[in-house]
Amino acid sequence: MAVDRILKDEASEEKGDRARMATFIGALAIVDLIKTTLGPKGMDKILQSTGRGHNVTVTNDGATIMKSLHIDNPAAKVLIDISKTQDDEVGDGTTSVVVLAGELLREAEKLVAMKIHPMTIIAGYRMASECAHNALLKRVIDNKEDTDKFRSDLMNIAMTTLSSKILSQDKEHFANMAVDAVMRLKGSTNLEAIQIIKKPGGSLRDSFLDEGFILDKKIGVGQPKRIENANILVANTAMDTDKVKIYGARVRVDSMAKVAEIEGAEKDKMREKVKKIIGHGINCFVNRQLIYNFPEELFADAGVLAIEHADFDGIERLALVTGGEIASTFDNPESVKLGHCKLIEEIMIGEDKLIHFSGVEMGQACTIVLRGASEHVLDEAERSLHDALCVLSQTVNDSRVLLGGGWPEMVMAKEIDDLARKTPGKKSHAIEAFSRALQAIPTIIADNAGLDSAELISKLRAEHHKEGSTAGIDVITGAVGDMSVLGISESFKVKQAVLLSAIEAAEGLLRVDEIIRCAPRRREDRM
């Protein structure tokens, strides 16, 4: 055995160029996998899990695909992480960020082959990204003051986001729903208040936005089906103690009559509790735990609507929406905040009965009911809508807007090319490379639509040499189009996040010169 082995037997290490090769190859493999989902003509992927039931997911959402991949290559894992971060941070642009980082590495690989040191490349990339960021800042549009214009900006952003997803056929309908829902939030980015209920059946076009709150439960037997001006007590308490429950407690009795006495006492306790609850002056009681038939009877006699087993999400949201608080003790009614709403009634969606609360206190909440042919379609629709909602809620806070369709990339690329001409030294190669990586995004959008990308991008570049050009790729006609006329917009915040995450990830991977894999743990032979 050689003396120079300091690592354990099974551990492997790759040094220098080998390590760099491994990172480049891993990153590029991921990019080639995911780049076909980019843009309005991007294709979907089917992911099948290896678990029980082999669940199938059909998706176009970059983050969802990335999450489901189990990968051994360390560089690929870095790219997966940035797409997750992008998903949590702004919700959309998950594919773009991976593609951009991958393209930056692809360009870097060529530069390394030309014997340019990775640190020089990083310095050049840094200058270029600074320049690109400023180029975008100079050209943002901000219509915060003018509500009608701002709303049309939001509509355009929503339609642009949805056009690469399954909802692209009815994108106006869904964009409207998303904008309405986000406008109700009045600037908070808390999407908890927007509830999405998925009901198979009907077509995607039958989806609707409901102002109010829908609880996925049925109304109990013999209880009022409709309550106006409801006062709602939302509780999390046990309503099931009217039978003797004996867990490990031992009660010695000398006759059955004594057992009956104990049960009687339990019943009285329950009756007291129900009396206290009704004493709050409520006509609707929503409980998270189950309600036995005895207390249910008592509630029905008092004309109170009792709903049991409202799942936790539902009950948290219901409390949030009606302006109540979740109570678990009922001794001092004055300290409990009740929820209010104008009307509670039962509605039918497809086959199922649901309880609908309308006219709720907090105008911010609403429910989106999605209909669709199958579970897979609904899941994908929910993911797409979630992307749109995230982007819109971010844009409401940071109202700067850019045009879409490869326009921002071309603008940045032009500015960066100008910078490269002014920069002396080897850095200028890296700066040019950055601009080529940015142009890869419109190239891929065109490729996915089956267009001649080389032709289109060169036309686009020529257009952008005129001042204040608004040209981008119009995938539908397959030519260079005017983005401001077509209404293709993107949120500035998303673009900025894509740019910054991609450059940081690429930089992190470029600094690598050695990969060390630990020795796998040996399993003992258990005989």
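Which residues line the second largest cavity?

1. Basis of the note. The model is predicted; local features need pLDDT of at least 70, side-chain atom pairs count only at pLDDT 80 or more, and totals for chains, interfaces and linings use all residues. Residues are numbered from 1 along each chain as its sequence is written, and side-chain values use heavy atoms, with hydrogens and water left out.

2. The second largest cavity. Its lining consists of L100, E409, M412, L438, I441, K495, V498 and L499. Two or more of these residues come from each of α12, α13 and α16, and α16 gives the largest share, three residues. Helices here are DSSP runs (H or I, at least four residues), strands are E runs of at least two, and both are numbered from the N terminus. The volume is about 40 Å³. By class, the lining has six nonpolar, no polar and two charged residues; Ala, Val, Leu, Ile, Met, Phe, Trp, Tyr, Cys and Pro count as nonpolar, Asp, Glu, Lys and Arg as charged, and the others, Gly among them, as polar.

3. Two cavities of 30 Å³ or more are found in the whole structure. A cavity is a set of points, on a 1 Å grid over the protein atoms alone, where a 1.4 Å probe fits but cannot get out; a pocket is an open set with protein on both sides within 12 Å along at least five of seven lines, and lining residues have an atom within 4 Å of a point. Grid points are joined across faces, edges and corners, and a volume is the space filled by probe spheres set on the points. The largest cavity holds about 70 Å³ and is lined by R139, W407, V411, K414, H464, K466, E467, G468 and S469. Helix α12 (residues 407–422) provides the largest share, three residues. The lining comprises two nonpolar, three polar and four charged residues.

4. The largest pocket. The largest share of the lining, five residues, comes from α6. Elements that each supply at least two residues include α4 (94–113), α6 (147–162) and α16 (492–510). The lining divides into 14 nonpolar, 20 polar and 10 charged residues.

5. The second largest pocket. Here the volume is about 200 Å³. Of 11 lining residues, Q195, I197, D216, D311 and R317 lie nearest the centre. At least two residues each come from β5 (194–200), β7 (213–215) and α10 (312–322). Four lining residues are nonpolar, two polar and five charged.

6. Packing of α3 with α16. The two helices pack at an angle of about 160°, with axes 10 Å apart; α3 and α16 are therefore roughly antiparallel. Angles under 35 degrees count as roughly parallel, over 145 as roughly antiparallel, 65 to 115 as roughly perpendicular and the rest as oblique. Axes are lines fitted to C-alpha atoms, for helices over the stretch in contact, and angles run from 0 to 180 degrees between N-to-C directions. A75, V78, I82 and Q86 of α3 contact V494, A497, V498, S501, A505 and L509 of α16, contact meaning heavy atoms within 4.5 Å.

7. Packing of α1 with α3. Helix α1 (residues 16–34) and helix α3 (residues 74–89) pack at about 45°, with axes 7 Å apart, and are therefore oblique to each other. T23, G26, A27, I30 and V31 of α1 meet A75, A76 and L79 of α3.
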